[in-house]
Amino acid sequence: MQNTSAPTHCPYCALQCGMTLTPLPQGGVEVTERPDFPVNRGALCGKGRTAAQVLSPAVRLTAPLVREGGRLVEAGWPEALDRIAERLGAARERYGADALGVFGGGGLTNEKAYALGKFARVVLGTSQIDYNGRFCMSSAAAAGTKAFGLDRGLPFPLEDIPRTGCVILVGSNLAETMPPALRFFTELRENGGTLIVVDPRRTRTADQADLHLAPRPGTDLALALGLLHLVVAEGRTDEEYIRERTTGWAEARAAAMAHWPEYVERITGVPVPQLREAVRMFCAPRAAMVLTARGPEQHSKGTDTVGAWINLCLATGRAGRPLSGYGCLTGQGNGQGGREHGQKADQLPGYRKLDDPEARRHVAGVWGVDPDALPGPGRSAYELLDALGTDVRTLLLMGSNPVVSAPRAAHIEERLRSLDFLAVADVVLSETAELADVVLPVAQWAEETGTTTSLEGRVLLRRRAVAPPPGVRTDLYVLHELAARLGVEKGFPTDPEEVFGELRRASAGGPADYSGITYRRLAEENGVFWPCPADPPTADTADTAGTTGTAPDAGPGAEPVPGPGAHPGSPRLFLERFATADGRARFVPVVHRAAAEEPDEEYPLVLTTGRVVAQYQSGAQTRRVAELNAAAPGPFVELHPRLAAQLGAADGDPVAVVSRRGRAVAPARVTATIRPDTVFMPFHWPGEGRANTLTNPALDPTSGMPEFKACAVRLEVLGPRARPGDGLA
């Protein structure tokens with residue numbers, strides 16, 4: 001075991017908080033603060049503080065498992081890898097390459113995501129690859145690309161937030177999902193700025209707001225359009241900015257004007273005076289921001305909803321200017337980098353499009369293959385999972401747990417069970433791994449070096465602090481060995497820095513250009529913001545990024561700018577032009593439409609889902625940490641006292657939540673912080689309390705995002721207070 005401390009980053013959310021890991025003489029690893037990293041300045045949430053506990057062999061996989069006689073039993077690595085390669089090869093021979101599926105994850109490092117996409121397309125020859133990040137940021141990514149020509153979660157560093165004038169935070173409970181980020185918003189208010197929070201629940205984040213708007217789930221699109229209507233009606237548009245830096249305003253304006261305040265109040269439940277106050281607060285200062293998270297994005301109209309919020313920024317001149325703009329609060333640890341380098345169904349490295357002939361030529365040249373040999377775009381994540389056992393006969397899955405995290409989860413569990421063959425590479429025996437034919441134990445963040453890209457677009461270096469247990473290998477080793485067994489001897493190195501070197505070449509000239517980034521720079525500069533081409537900035541490259549280095553008004557903690565000869569990276573985008581052909585942002589006209597599934601007589605309530613502070617995503621890792629389980633031991637159903645009284649439900653009573661897709665049971669949590677027509681469940685748990693048993697897989701036609709945040713349900717009280725016939729149906 002190493003004896004020196006390693007500066008690195010948290011394995012959980014997209015803040016990628018800095019931390020230091022120190023191996024202890026008696027075994028285990030100590031996590032300590034790292035104040036030099038500007039995002040968290042040493043602060044860590046409970047998940048970060050306890051992250052090293054999942055390194056313990058007692059809670060993780062330490063040997064390969066293969067299925068024998070219906071049970072998973074330990075096996076050696078050669079046997080496990082041989083079995084995977086044989087089954088993949090046989091399925092390809094019998095059914096064709098597209099019978100082979102690959103499913104990745106937003107927690108994989110950039111090197112792993114890159115190698116996984118290359119493995120699918122070069123070794124397997126399949127188009128059937130996607131990843132669980134499709135369930136997280138895809139609607140914001142699609143809307144940002146439409147409007148700005150480029151998707152980077154935040155086009156500015158988090159350090160800009162305290163110095164703007166107003167922030168509208170839409171559908172984010174960051175006080176629980178990324179607690180160290182809350183201080184940026186606290187500092188905003190201390191500096192005289194204002195915070196508007198949009199959320200159907202009065203969360204811990206909403207408690208910090210100057211104004212809380214509580215729309216009915218599924219109506220954020222109408223809300224944004226209603227605010228834009230008022231901006232126009234009250235003469236608050238920035239006509240000079242619209243004229244000089246945008247296109248498409250006339251059509252977007254006409255669409256918004258159909259959403260007058262009283263109409264929007266009827267749809268959303270947000271009173272007209274609150275709508276007017278929100279517009280006043282947003283437009284009063286010189287600079288303002290809109291930040292969205294999963295609340296408005298996880299809908300079958302998520303792309304349009306985010307587009308409406310972007311239109312609000314553009315109409316008021318609050319994009320591509322210092323301390324202003326639209327941003328997406330990316331969720332997963334490498335949710336940004338994971339969607340840039342090739343594990344998406346329609347994508348090649350560098351955020352290139354798979355159907356772009358020039359992109360195919362460039363990447364094929366780096367890979368040493370014929371561009372025509374690369375498959376075309378495949379199915380999006382839910383569509384891929386839904387096709388398992390029929391069109392897709394085998395699946396290689398890395399770093400994801402769709403048995404808990406996918407919408408209509410019981411159906412997806414059935415599809416996974418119907419596969420001819422399932423191989424899973426993971427740290428722990430997740431609920432999905434339990435269904436596998438082969439399970440491979442792979443190294444964790446503290447046991448391997450690699451890069452991630454934070455929600456700011458800051459590429460970061462995670463450093464290895466300890467060696468993995470003897471029976472554990474890295475994901476890069478897995479891909480190297482499988483490629484060799486399937487006839488591709490070269491091109492899949494196990495050294496992450498070598499993989500990153502190839503990623504740099506593959507991304508060169510693409511929207512997400514990493515070619516000027518090296519491991520040495522990442523270590524010396526505390527991360528580098530992309531785009532960062534290998535050549536020094538020119539007028540063209542500077543225009544594409546909008547700016548390079550730090551803004552003239554950058555405050556304390558701004559990143560240093562490297563000396564002459566190296567591109568400094570791009571902390572702030574779009575300050576001079578947007579990443580479109582003509583440099584102008586695009587208004588996209590959108591109109592309100594109902595959720596895919598509205599309440600009715602049989603299912604009269606709306607269910608929305610989310611996270612709690614002590615658990616993370618599907619809970620596969622955090623549910624193995626005693627301290628976190630003590631804080632959040634299981635699922636619950638949050639409902640308003642008025643609804644509880646109507647049902648005859650008391651706090652703690654078991655309640656069944658029933659949708660058209662299934663039934664989940666969890667204790668009632670009665671609180672006045674939620675709308676009376678809405679119930680909430682966290683989605684971290686499997687079993688009878690699995691929230692995603694209920695959720696609706698209706699897909700956004702542009703992003704492929706399922707509608708996690710709104711579905712029609714009814715409640716049935718199962719507790720001691722229940723009487724015959726109780727329930728709301």
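Which residue in S20 is the bridge partner of Thr452? The first legend has the reply.

This is a predicted model, in which local features need pLDDT of at least 70 and side-chain atom pairs count only at pLDDT 80 or more, while totals for chains, interfaces and linings use all residues. Residues are numbered from 1 along each chain as its sequence is written, and side-chain values use heavy atoms, with hydrogens and water left out.

**View 1. An open sheet of three strands, ordered S19-S20-S21 with antiparallel pairing.** Strands here are DSSP runs of E, at least two residues, and helices are runs of H or I, at least four residues, numbered from the N terminus. Two strands pair if DSSP finds at least two bridges between them. S19 (450-453) and S21 (528-529) are the edge strands, each with a single partner, so one side of each has no neighbour in the sheet. Antiparallel S19 and S20 (residues 458-462) are joined by four bridges, and here is our reply: Thr452 has Leu460 as its bridge partner in S20. Helix H3 (residues 110-124) lies across S19 and S20, at about 95 degrees to S19; axes are lines fitted to C-alpha atoms, for helices over the stretch in contact (heavy atoms within 4.5 Å), and angles run from 0 to 180 degrees between N-to-C directions.

**View 2. The largest nonpolar core, with 114 residues.** Such a core is a set of buried Ala, Val, Leu, Ile, Met, Phe, Trp, Tyr and Cys residues joined through side-chain atoms within 4.5 Å, where buried means under 20% relative accessible area (1.4 Å probe, protein chains only). Phe119, Phe148, Ile168, Trp309, Tyr326 and Leu440 touch the most other members. Helix H7 (residues 220-233) gives the largest share of this core, nine residues. Leaving aside residues up to four places away in sequence, Ile168 touches Ile196, Val198, Phe282, Met289, Val290, Leu291, Trp309 and Leu312.

**View 3. Strand S30 (residues 711-717), with seven of its seven residues buried.** The strand is therefore largely enclosed by the rest of the structure. Cys711, Val713, Leu715 and Val717 are buried on one side, and Ala712, Arg714 and Glu716 on the other. In a regular strand, side chains alternate between the two faces of the sheet. S23 (residues 605-610) pairs with S30 in the antiparallel sense over three bridges, and Leu607 stands opposite Cys711. S25 (residues 654-659) also runs antiparallel to S30, joined by four bridges, with Val657 opposite Leu715.

Key:
Buried < 20%, exposed > 50% of the residue type's maximum accessible area, 1.4 Å probe, protein only.
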